[in-house]
Amino acid sequence: MWIIKSLLPLFVCALLGAAPAPAPPADKALTAPLLPGEALAVAGTDGQVHLFGAEPSRESAMGGLAMLPWIKLEGMSWASDDLRFACTGKWDGQPCWQPKGHGKLNLASALLLDCHLAFLGWGRASLHGWLRDYGDGAARARLEDAFEPFLGHRIPPGNGLPAISPDWVGDGELLRTSPEAMLTWLLDPAQDETVRHCKRLLTTFKNYNYAENAWWIKAAYAPEGTEAPVGRAWAVGSNGQITAVLRLPRGGGWADAMRRFREILMVPKGM
Ligand SMILES: [Zn+2]
């Protein structure tokens, strides 16, 4: 992993289109440039955010990246309850962006495969519990606190708890971010526990426990309109040294985002 860290300046040069110095890398695959329409925000251990590509500071619908604030809020509780969900492509009148469905899921696989419906079901159940335990106002404050960086002022004013619609798990335009804003959120020490939990959920047992600087990667889909294939995909991830947020142009899917993240960030096979 040290080699990736030491090559980061070269990688940055390549993305900028500048001549790499002092010598080009031995393996050209280590400096995959961005494709048109891709946007990347990346930071090393110094926490300095580097921005590349197509409008990395412009906000757009965050899609399944909305699962990260849900993990922050309820991840520990959902993991200890060992929640399950069977995605058939439709639930409670709502379609999943994956029309065939995601099949049987637990928290780790729902997060990995980006099943919005699983998080919708679990989120609604959690809010039901908050209402019982804390009441309307405190439940709303809890929700607003976790999602505030992505909400702008799009939540209706008042004290009541909004209905947990699919917009709260990544459909629609309620929750928005940019590669820059998402990376800044991830790097905030307030997210340390969430990041650790994502790593635990998204790496193998062996990598989590034994591999130094193992990568966790969360790819996410943001459906736009009613036609699922015209949405936009994201991927975020970290190996503890490098943390990055990638946004693909419209038309890219979950699998494209996962593949492009691995190419651009030079994620070793098996990590
Ligand atoms: Zn699904």
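Reader: Which residues does Ala110 touch, not counting residues up to four places away in sequence?
Author: Ala110 touches Phe85, Leu105, Cys115, Ala118 and Phe119. Two residues are in contact if their C-beta atoms, placed from the backbone, lie within 7 Å. This is a predicted model, where local features need pLDDT of at least 70, side-chain atom pairs count only at pLDDT 80 or more, and totals for chains, interfaces and linings use all residues. Residues are numbered from 1 along each chain as its sequence is written.

Reader: Where is Ala110 found?
Author: Ala110 is in helix 3, residues 107-113. Helices here are DSSP runs of H or I with at least four residues, strands are runs of E with at least two, and both are numbered from the N terminus.

Reader: Ok, and why does Ala110 count as buried?
Author: Because Ala110 has 26 C-beta neighbours inside 10 Å. A residue is buried if 20 or more other C-beta atoms lie within 10 Å of its own, exposed if 12 or fewer, and partly exposed in between, with C-beta atoms placed from the backbone.

Reader: Which strand does strand 4 pair with?
Author: Strand 4 pairs with strand 7, residues 103-106, in the antiparallel sense over four bridges. Two strands pair if DSSP finds at least two bridges between them. Ala86 stands opposite Lys104 in strand 7.

Reader: Switching to helix 4, how many residues does it have?
Author: Helix 4 has 19 residues, 116-134. From first C-alpha to last, helix 4 reaches 26 Å, close to the 27 Å expected at 1.5 Å a residue. The expected span is 1.5 Å times one less than the number of residues. Buried residues of helix 4 include His116, Phe119, Trp122 and Leu127. Just after helix 4, Gly135 takes a positive phi of about 90 degrees.

Reader: Where are Glu55 and Asp82?
Author: Glu55 is in the loop between strand 2 (49-53) and strand 3 (60-61). Asp82 lies in the loop between helix 2 and strand 4. With 14 C-beta neighbours inside 10 Å, Glu55 counts as partly exposed. Asp82 has 8 inside 10 Å, so Asp82 counts as exposed.

Reader: What about helix 2 and helix 7, at what angle do they cross?
Author: The axes of helix 2 (residues 67-80) and helix 7 (residues 192-202) cross at roughly 85 degrees and come within 9 Å. Axes are lines fitted to C-alpha atoms, for helices over the stretch in contact, and angles run from 0 to 180 degrees between N-to-C directions. The two helices are therefore roughly perpendicular. Angles of 65 to 115 degrees count that way, while under 35 is roughly parallel, over 145 roughly antiparallel and the rest oblique.

Reader: Which residues meet there?
Author: Leu68, Ile71, Lys72, Gly75 and Met76 in helix 2 meet Thr194, His197 and Cys198 in helix 7. By class, this contact has four nonpolar, three polar and one charged residues. Ala, Val, Leu, Ile, Met, Phe, Trp, Tyr, Cys and Pro count as nonpolar, Asp, Glu, Lys and Arg as charged, and the others, Gly among them, as polar.

Reader: And strand 10, is it mostly covered or uncovered?
Author: Mostly covered: seven of the seven residues in strand 10, 232-238, are buried. Arg232, Trp234, Val236 and Ser238 point one way, and Ala233, Ala235 and Gly237 the other.

Reader: What does strand 10 pair with?
Author: Strand 9, residues 216-222, pairs with strand 10 in the antiparallel sense over seven bridges, and Tyr221 stands opposite Ala233. Five bridges join strand 10 to strand 11, residues 243-247, and these two also run antiparallel. Strand 10 and strand 11 form a hairpin with four residues between them.
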